[in-house]
Structure formats: structure tokens, C-alpha cells
Amino acid sequence: MNTALNLASVTLEYPDGDGTLKALDDVNVKLARGEFLSLVGPSGSGKSSLLAVAATLVRPTAGLVVIGGIDAGGLSEAERTSLRRDQIGIIFQQPNLLPSLTALEQLVIRDHLRGKPARAATRRAAELLDLVGLDPAAGKRPHQLSGGQRQRVNIARALMGDPAVLLVDEPTAALDHDRSEAIVRLLRHVTEEFGVATVMVTHDTGFVPLTDTVASMRDGRISALRPVSPSLA
Ligand code: ADP
Ligand code: MG
């Protein structure tokens, strides 16, 4: 298996009064490129903590975080930042778009900040917007887009760096059911098209059949990691 993301025996503790709270408790997740995992569980069960650790934004108290074969635990903060830029796409619930930029510019600036040539970045950005169902030439700014369209820009932007891993936290929380389903189907499509390993936190178990594997979390532990029956998709 071409493992893109490997969390092995990951524990994350936060100080909690006199004791500690285990936000993650001996979590194991292995994901290949092109695989789509949904992560479900009650509020406070550790879903966002798992994404933060996988995103190398938070160092675990114990355990291994391996992204594209690289052990993030052995890296300096600067090295973790570049690993994140090169290997990880992050999509949170509220697209954090810059108000004054067009959809195309939101994507181009991300590559510009990495010192890549502008013309290649513009071409790639236009291709990605097209792929997520937006007109690259429309020149729309965030306030001129619907919530679903903003989330599409967010997804396209996360793909600009050609990541190995896509981490998605409740991407549909602000959307109605039909728009939500379209976003999850789009995530399924880009997971296959770009061969990324995608982890999606969702409170809506109705979308689980669109993914390959489902993990249920409770009290910081993954209580079940099971394949989704293909007949349901
Ligand atoms: P979920 O995303 O499933 O709702 P979280 O990962 O956000 O769960 O939280 C898991 C547990 O860790 C909760 O008990 C939460 O209160 C705690 N927690 C999360 N972040 C922090 C933090 N920065 N400091 C202290 N406790 C935290
Ligand atoms: Mg959360």
C-alpha cells in the first residue's frame, strides 16, 4: 500500500485542572493515496484534534505522524511548515478566503507565496476552478459567490500545492443538503482524480456511503474503522 498518511499510536493530551484530558488516545489510521475516509463521532470526541495532528499543526504527546513517508515528529517547525505546504491540503468549515481577491487570485496568490512563476500558477488555478465547476474568467469575489461556490474555491485552493493528503473538517456545516451532497461528491472526485488521501470529518452520516472507509470516534479513541459497502455508494 502506498501510504500517504500514517498515524500510529497517537495520543494527544491537554492539561485539564489537576489532571490531563486525552483528546486522542492511541489512535491508528493508515490511508493510501486515492482513499477517502470519513470520520464521525459526537462533539468533543477528538475529530478536529485528529485533523490538527495529521496537519502537523499540533504535535502529539506520543505516537508517530508520517506524511508521504516523512516522519513529521523528527522535523523542526520550519520543516513542518514546508511539509504542510508541499504535502497537505486543509479545508475547514468556513472557507477562509480573502475578501478583495477574485476566485482565480485566491488560488494564484497561494503559489505566488511559494515563489512559483505566475503564468504557470494562473494556468493551474484556472484548470482547478474549472474542475470544481466554477468559471475561472468570471472574476467573482467571495461576497458574490454562494456558500457552496466559496467552498469549491476553498477545495480548488487546497489542491494548488498538489498535496498527498487532504484534511477536511465539516465542509458542509454551512450548506443545505443538496449543496452539501454536491461538495462531498466533488471531494470524492478529486480524491480519485488526484490520488490524494482524504480525511473528512462529517456530522452527517448520510454522506458516509460516498466514502471508502469510516472511522467512528468516541472519547479520543477510534472505536471502529471499517470499509463502506460499495453497494451503498
Ligand atoms: P471534536 O472535533 O470531535 O468535536 P475536538 O478534537 O475539538 O473534538 O476536542 C476533543 C477534546 O479535546 C474535547 O474535550 C475538547 O474540549 C478538547 N480540546 C480540544 N482542543 C483543546 C485545546 N486547545 N485545549 C484544551 N482542550 C482542548
Ligand atoms: Mg470538531
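**View 1. Strands β9 and β10 form a hairpin in this predicted model.** Strand β9 (residues 213–218) runs antiparallel to strand β10 (residues 221–227), and six bridges join them; helices (H or I, at least four residues) and strands (E, at least two) are DSSP runs, numbered from the N terminus, and two strands pair if DSSP finds at least two bridges between them. Met217 has Ile222 of β10 as its bridge partner. Two residues lie between the strands of this hairpin, and Asp219 in the turn has a positive phi of about 50°. Residues are numbered from 1 along each chain as its sequence is written, while chains are lettered from A and ligands numbered from 1 in the order in which they are written. In this predicted model, local features need pLDDT of at least 70 and side-chain atom pairs count only at pLDDT 80 or more, whereas totals for chains, interfaces and linings use all residues; side-chain values use heavy atoms, with hydrogens and water left out.

**View 2. Four strands make an open sheet in the order β2-β1-β4-β5.** The pairing in this sheet is antiparallel, and its edge strands, β2 and β5 (70–71), each pair on one side only. Between strand β4 (residues 62–67) and β5 there are two bridges, again in the antiparallel sense, with Ile67 standing opposite Ile70 in β5.

**View 3. Ligand 1 lies in a shell that includes Gly46, Lys47 and Ser49.** The residues around the ligand (those with a heavy atom within 4 Å of it) also include Tyr14, Leu21, Ala23 and Pro42. Polar contacts are pairs of N or O atoms within 3.5 Å; within protein, one must be able to donate a hydrogen and the other to accept it, and residues adjacent in sequence count only if both atoms are side-chain atoms. An oxygen atom of ligand 1 is 2.6 Å from an N or O atom in the side chain of Ser49, another such distance, to the side chain of Lys47, is 2.8 Å, and a polar backbone atom of Gly46 is 3.1 Å from a ligand oxygen. Of the 560 Å² of accessible area that ligand 1 has on its own, the protein covers 58% (Shrake-Rupley method, 1.4 Å probe; for residues, only the protein chains shown count as cover). Both β2 (19–32) and α1 (47–54) give two or more residues to the shell, and α1 gives the most, with three.

**View 4. The largest pocket has a volume of about 500 Å³.** On a 1 Å grid over the protein atoms alone, a pocket is an open set of points where a 1.4 Å probe fits, with protein on both sides within 12 Å along at least five of seven lines, and lining residues have an atom within 4 Å of a point; the volume is the space filled by probe spheres set on the points. Ile90, Asn96, Arg110, Asn154 and Arg157 lie nearest the centre among the 18 lining residues. The largest share, four residues, comes from β6.
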